Amino acid sequence: MQVDLSVELAPPSAGLAGLRLKNPILVASGTFGYGVEFASLVDLNRLGGIVVKGLSAQPIEGAPAPRLCETPAGMLNAVGLQNIGVRRFIAEKLPALRQYDTAIIANVFGHTVEEYVEVIGQLEQAEGLAAYELNISCPNVKKGGMQFGIDPNLTREVVSAARRAAARRPLMVKLSPNVTDIAALARAAAEAGADALSVANTWTGMAIDLEARRSRLGQPTGGLSGPAIKPLALRMVWEVARAVRVPVIGLGGIATGADALEFLVAGAQAVQVGTANFVQPSAAVRILEEVENYCRKNRIAKVTELCGTLKTDTEKRS
């Protein structure tokens, strides 16, 4: 049985390319380098998409070591958004990425609205990209360090500016989970022009070396990821999918095909695999195979038939 694994995250419109993936499995930003580093370990052509390491206007050295710390059922990271900068990415990484039959999505961040716009402006001149993913879990230095992603007004401001700058390609927005009401932030991003929403980034956490009485990271806190956050991420995907009409890409603790399928049932149109890449570089390909096998076994002709099919208690009783 042939299974149609393709998903559409953004339809084409006047002057704007659409975003259709051959399958719903992407690798998440910050967990797969710039993609090319994994080419000897993974068949990149099998992936639905690669979200590259976050790009800034200027290179960033990142946080002090240690940057990673294993936790029960998860991992803390404090990499500090280290990257080579958008210009070097275009010159050194993007040419190699163009040869692969997969969607290349540039993750973009900044500490001012102007920095976001500058990065997108540089990428707009380059070929080989399918879309942008806006990381709004960054402090706005002009507003006292408040994150763009925790205030609806700041979210609207940065997404609106990015939407105007991204004239050629779809714009995804990666939401922060460290908020009281993620649905409110999702609506703000969608109203400001986001074509799709990635839900969600890492939760802020801490790990302490008791004997040294110091953080196990090079700074006090980091971002928690891995299986520990999956139930929280699933809930947020469900909430966001009910709050907006744009597609949702789910991420958070996905390690198996069943995990990925649960996110689709909760309302996601696609998923991103993150921490599992550290354990098994080819995890995303294995997860894709498990998703396809599930669909074939259960006579599901199109993977999109599963999206948003969660039954509530009321529906079960009826």
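The legends below describe close-up views of a predicted model.

**View 1. A closed barrel of 8 strands with parallel pairing.**
The strands of the barrel follow one another in the order β3-β4-β7-β8-β9-β10-β15-β16, and neighbouring strands of this sheet are turned against each other by 25° on average, direction ignored. Strand β3, made of residues 25–27, is joined to strand β16, residues 270–273, by 3 bridges in the parallel sense, and within this pair Ile25 is found opposite Val271 of β16. Helix α8, which covers residues 283–297, lies across both β3 and β16 and runs at about 170° to β3. Strands of a sheet pair through backbone hydrogen bonds, in either a parallel or an antiparallel arrangement.

**View 2. An open sheet of 4 strands with antiparallel pairing.**
Here the strand order is β5-β6-β14-β11, with β5 (68–71) and β11 (203–205) as the edge strands, each of which pairs on one side only. On average, neighbouring strands of this sheet are turned by 35° against each other, direction ignored. Strands β6 (residues 74–77) and β14 (residues 222–225) run antiparallel and are connected by 3 bridges; Leu76 has Leu224 in β14 as its bridge partner. In the loop between β5 and β6 lies Ala73, whose phi is near 65°, a positive value in a residue other than glycine. With a relative accessibility of 48%, Ala73 counts as partly exposed.

**View 3. Two cis peptide bonds, one between Ala65 and Pro66 and one between Val199 and Ala200.**
The bond that joins Ala65 and Pro66 has an omega of about -5°, and Pro66 is placed in the loop between β4 (49–51) and β5. For the bond that joins Val199 and Ala200, omega is about 5°; Ala200 is found in the loop between β10 (196–199) and β11.

**View 4. The packing of helix α1 on helix α2, with Arg87 in α1.**
Helix α1 spans residues 86–97 and packs against helix α2 (residues 113–124) at an angle of about 20°, with their axes 9 Å apart. Because angles under 35 degrees count as roughly parallel, α1 is described as roughly parallel to α2, and α1 passes α2 in a right-handed crossing. Arg87 is partly exposed, at 39% relative accessibility, and its contacts, leaving aside neighbours within four places in sequence, are with Ala57, Gln58, Glu118 and Gln122. Between Arg87 and Glu305 there are 218 residues in sequence and 40 Å in space, taken from C-alpha to C-alpha.

**View 5. The packing of helix α5 on helix α6.**
Helix α5, residues 230–243, and helix α6, residues 257–266, pack at an angle of about 30°, and their axes are 8 Å apart. The two helices are therefore roughly parallel to each other, and their crossing is right-handed. The residues that meet across the pair are Lys230, Ala233, Leu234, Val237, Trp238 and Ala241 in α5, and Asp259, Glu262, Phe263 and Ala266 in α6. Two packed helices are described by the angle between their axes together with the distance between the axes.

**View 6. Cysteines Cys69 and Cys307 in a structure with 0 disulfides.**
A search of the whole structure finds 0 disulfides, a disulfide being a covalent bond between the sulfur atoms of two cysteines. For Cys307, the closest cysteine sulfur is that of Cys295, at 9.6 Å, which is too far for a bond, because the cut-off requires a pair of cysteine sulfur atoms within 2.5 Å. Cys307 is buried, with a relative accessible area of 16%, and Cys69 is also buried, with a relative accessible area of 8%.

**View 7. Arg299 in the loop between α8 and α9.**
The loop that holds Arg299 runs between α8 and α9 (313–317). Although Arg299 is not a glycine, its phi is positive, at about 55°. Arg299 is exposed, with a relative accessible area of 63%.

Definitions and conventions:
Residues numbered from 1 in each chain as written. Predicted model: local features only at pLDDT ≥ 70, side-chain atom pairs only at ≥ 80, totals over all residues. Heavy atoms only, no water. Buried < 20%, exposed > 50% of the residue type's maximum accessible area, 1.4 Å probe, protein only. Pairing = 2+ DSSP bridges. Axes fitted to C-alpha atoms, helices over the stretch in contact; angles between N-to-C directions. Contact = heavy atoms within 4.5 Å. Parallel < 35°, antiparallel > 145°, perpendicular 65-115°, else oblique. Left-handed = near helix turned anticlockwise from the far one by under 90°.
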